[in-house]
Amino acid sequence: MASAGKLLSMNAADHEISYANNSFPQQAVIWKVRPIIEESVTDTFKKFAPPCMKVADLGCSSGPNTLHTISLVINTLDGICKREQLKLPELQVFLNDLPENDFNSVFKSVPGFIERLKNEEGDLVQESCFVAGVAGSFYQRLFPTRSLHFVHSSYGIHWLSKVPDGLENKGNIYMARSCPPNVFEAYANQFQKDFTNFLSLRSKEILPQGRMVLSCKGRQNRDPSMEDYGCELMVAKSLLDLVAQGFVKEADVDSFNLPLYSPCKEEIAEIVEREGSFEIDSLQVFEVDNDGLLRQQHRNKDLGFKELCMEMGKDVANIARAVFEPMICSHFGDAIIDKLFVRLAALAAEALSHRMNFNQANIVVSLTKK
């Protein structure tokens with residue numbers, strides 16, 4: 001399982017457990033960084049005042065979240081133009097993800113989105129927004145030289161281009177406190193290579209003084225061995241439980257690792273500075289109250305504490321399944337999937353009953369192209 005390219009497609013809209021229906025924590029991240037997106041879009045528009053503003057959303061996936069981002073951009077531009085009595089620019093939006101992404105579901109939702117724009121903002125806004133898809137890895141060139149004004153990516157850059165080479169990570173599928181130091185080092189080195197490459201590619205595609213806002217999973221501690229990686233750890237524990245029950249081979253678990261890395265903000269800052277194409281305008285670590293989001297899903301149900309934990313545990317399993325299932329099926333086959341995530345739901349419910357939380361540290365960085 002070396003290359004991640006063909007495996008990092010989230011579950012499609014027609015899947016029983018689709019990413020579109022289980023990506024509300026990711027949506028909360030977008031709303032949390034809303035002021036930074038609005039500031040960046042405002043600054044970009046005032047610098048360029050372009051007749052057509054070109055925006056890319058990298059790693060758009062297949063749910064509604066990318067449309068929330070487009071809405072933020074449009075509402076920001078519309079607000080500026082109304083306040084300052086300017087003509088609204090046309091907006092060309094490029095939605096990017098890997099070719100295996102469920103672009104059909106994205107494009108099916110666009111006409112309804114445009115119609116809502118018309119109802120909320122008027123015909124002029126509706127007639128000014130043009131949406132296109134760009135299939136490909138953002139670890140490769142995607143756009144012509146100096147063609148973009150603003151780039152956004154939410155929950156994209158923590159996905160690596162591949163699993164780190166030569167990884168020996170017995171009993172784990174990702175970083176964990178029990179990992180030997182060389183595992184942390186291998187993951188950090190791969191992230192450094194990938195993020196450096198990402199910045200270098202975008203520096204060619206973004207106009208000088210153009211802006212970029214990136215958010216990703218992160219960690220609070222500079223030392224990765226001091227962190228708890230809750231959901232990924234529970235996937236590993238669930239797999240090992242299936243090993244004990246004879247459904248999975250131990251060697252298959254030992255050879256499976258996630259192409260994922262949660263950086264600290266110091267790593268982000270150091271890589272940006274070393275690569276040299278961008279200046280950091282803002283760099284923040286923040287948490288999303290995932291437990292609160294999970295409870296919100298069941299606010300209208302009359303559930304006792306134990307029953308609530310069980311329902312929230314199922315939600316945790318579904319969120320994980322919507323993201324990880326294609327990778328797990330590719331490595332282990334699909335026969336174990338239901339058993340695996342039933343076990344994960346039980347582990348999550350037990351953890352929640354002991355007041356463990358699933359809150360996630362995140363990083364947002366706002367950048368200006370030099």
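Q: What does F198 touch, leaving out residues up to four places away in sequence?
A: F198 touches L58, F138, Y139, I157, M212 and L214, where contact means heavy atoms within 4.5 Å. This is a predicted model, where local features need pLDDT of at least 70, side-chain atom pairs count only at pLDDT 80 or more, and totals for chains, interfaces and linings use all residues. Residues are numbered from 1 along each chain as its sequence is written, and side-chain values use heavy atoms, without hydrogens and water.

Q: Which charged residue lies over the face of F198?
A: R202, at 5.0 Å from the ring centre. The cut-off is NZ of Lys or CZ of Arg within 6 Å of the ring centre and within 35 degrees of the ring normal. K339 lies over the face of F247, at 4.8 Å.

Q: OK, rings now. How many aromatic pairs are there?
A: The structure holds 11 (Phe, Tyr or Trp rings, the six-membered one for Trp, with centres within 6.5 Å; planes under 30 degrees apart are stacked, over 60 edge-to-face, the rest tilted). The F94 and F143 rings have centres 5.4 Å apart and planes at 55°, so that pair is tilted.

Q: And how far apart are F94 and F143 in the chain?
A: They are 49 residues apart, with F94 in strand 2 and F143 in the loop between strand 3 and strand 4. Strands are DSSP runs of E, at least two residues, numbered from the N terminus.

Q: Which residues make up the ring cluster?
A: Ring pairs link F138, Y139, F191, F195, F198 and Y261.

Terms used. Helices (H or I, at least four residues) and strands (E, at least two) are DSSP runs, numbered from the N terminus.
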